[in-house]
Amino acid sequence: MNILNEYEEKTVLITGGAGCVGSNLSRKIAELNAEKVIILDNLSSAYEWNIPQNDNIQFIKGDILDDASLKRAFKEKPDYVFHLAAHFANQNSVDNPEKDLMVNGIGILKVLQYAQLIGVKRFVYSSSGCGVYGLDSKMPFEEHDISISLHTPYQVTKLLGELYTNYFHNLYDLPIVNARFFNVFGPGEVPGKYRNVIPNFFYWSMTGNALPITGDGSETRDWTYVEDIVDGLLAMGIKEEAIGEAINLGSAKDHKVIDMANTVNRLTGNKEGIKYAPRRNWDAKTKLLSSIEKAEALLDYKPKMTFNDGLKKTYEWFVDNWDNIERSAEFDLTTNSMDKKDLLKYNDDSSKDTSCSRV
């Protein structure tokens, strides 16, 4: 029996569903013949044109901090909740720590309260593998080896989210799963201020700019293609063995930033090359690598996409959606270069997570 048949004729709520992970997850669940997929997103870092147009997808423009929005979404009595909404990501949290705490702390608390009130079948939370593991965690990162030696508010609040989901599981028996994403990339992630490095690099490369690397390029990341993340999330929503667990969703492969940048320039035909800037003071992790043994055992999780093929598919999505991307990207390229301040603010290349757009 295909476990994914469990989504047929069910109602699913996806907070932050207009972004990269959310849009791909929404489309997949809609194609699994769900009764309804509800996307709740305030479009603070996502765009309505990125939302799939399936007939069984309903979009609610609203905020997870707003009770009226949450009441409207939970009035549909969702069977499953995928909580992807977040204040994203590291540099943004350093610049705006209070907002980070409100969205990632109070926000998840409110969503959990509504989910517990109606008794959802499963609550899946998008945590951050790059967030909850610290410098004192051993690589490859295993789920038991989390850290409280953290360097950004985003890391703190992502761990806080896990503590809240565990609290609701322990006290109310809410069936939760904590999904720890590693450097998600792929179609659906629009470049812009505070976004991840891969969409920003494609944007800069396609607009004829040198790609800015903060560090020397030897840094590695565990980049994971969004469709593999979606496969893991779908299994988390169904597999009984996943309840109450924190599970890494990564590729278990590390790739150098310099190699990624060169591949992006090659795919786009950009001749401007690469330029370097000092590493940011919070960016202390020069290497990231996940262990996915637990995901393999509990979810039968097997990443399928190679990194280079994922970059090719991401580039194809950029080409196909260029008009929308160019209009939406939060950059002012009035010149053919970016100054150091812009580099440090925009090139958020060590953030994982989320991957993607967040409420």
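Reply: Two strands pair if DSSP finds at least two bridges between them. Strands (E, at least two residues) and helices (H or I, at least four) are DSSP runs, numbered from the N terminus. This is a predicted model: local features need pLDDT of at least 70, side-chain atom pairs count only at pLDDT 80 or more, and totals for chains, interfaces and linings use all residues. Residues are numbered from 1 along each chain as its sequence is written, and side-chain values use heavy atoms, with hydrogens and water left out.

Me: What makes strand 5 and strand 6 a pair?

Reply: DSSP has to find at least two bridges. Strand 5 and strand 6 (residues 176-181) are joined by 6, and they run parallel. Val124 stands opposite Val177 in strand 6.

Me: What joins strand 4 to strand 5?

Reply: Strand 4 (residues 80-83) has 4 bridges to strand 5, again in parallel. Val81 has Phe123 of strand 5 as its bridge partner.

Me: Why is strand 5 called mostly covered?

Reply: Buried means under 20% relative accessible area (exposed is over 50%, partly exposed in between; 1.4 Å probe, protein chains only). In strand 5 (residues 122-128), 7 of 7 residues are buried. In a regular strand the side chains alternate between the two faces of the sheet. Here both faces are covered: Arg122, Val124, Ser126 and Ser128 are buried on one side, and Phe123, Tyr125 and Ser127 on the other.

Me: What makes helix 8 largely enclosed?

Reply: 11 of its 13 residues are buried, so the rest of the structure largely encloses helix 8. Among the buried residues are Val226, Asp228 and Ile229.

Me: Why is the second largest pocket called a pocket?

Reply: On a 1 Å grid over the protein atoms alone, a pocket is an open set of points with protein on both sides within 12 Å along at least five of seven lines, and lining residues have an atom within 4 Å of a point. The second largest pocket has 14 lining residues, with Asp231, Leu299, Asp300, Tyr301 and Lys304 nearest its centre. Helix 8 (residues 226-238) gives the most to this lining, 5 residues.

How values were computed. 1 Å grid on protein atoms, 1.4 Å probe; cavity = no way out; pocket = protein on both sides within 12 Å on 5 of 7 lines; lining within 4 Å.
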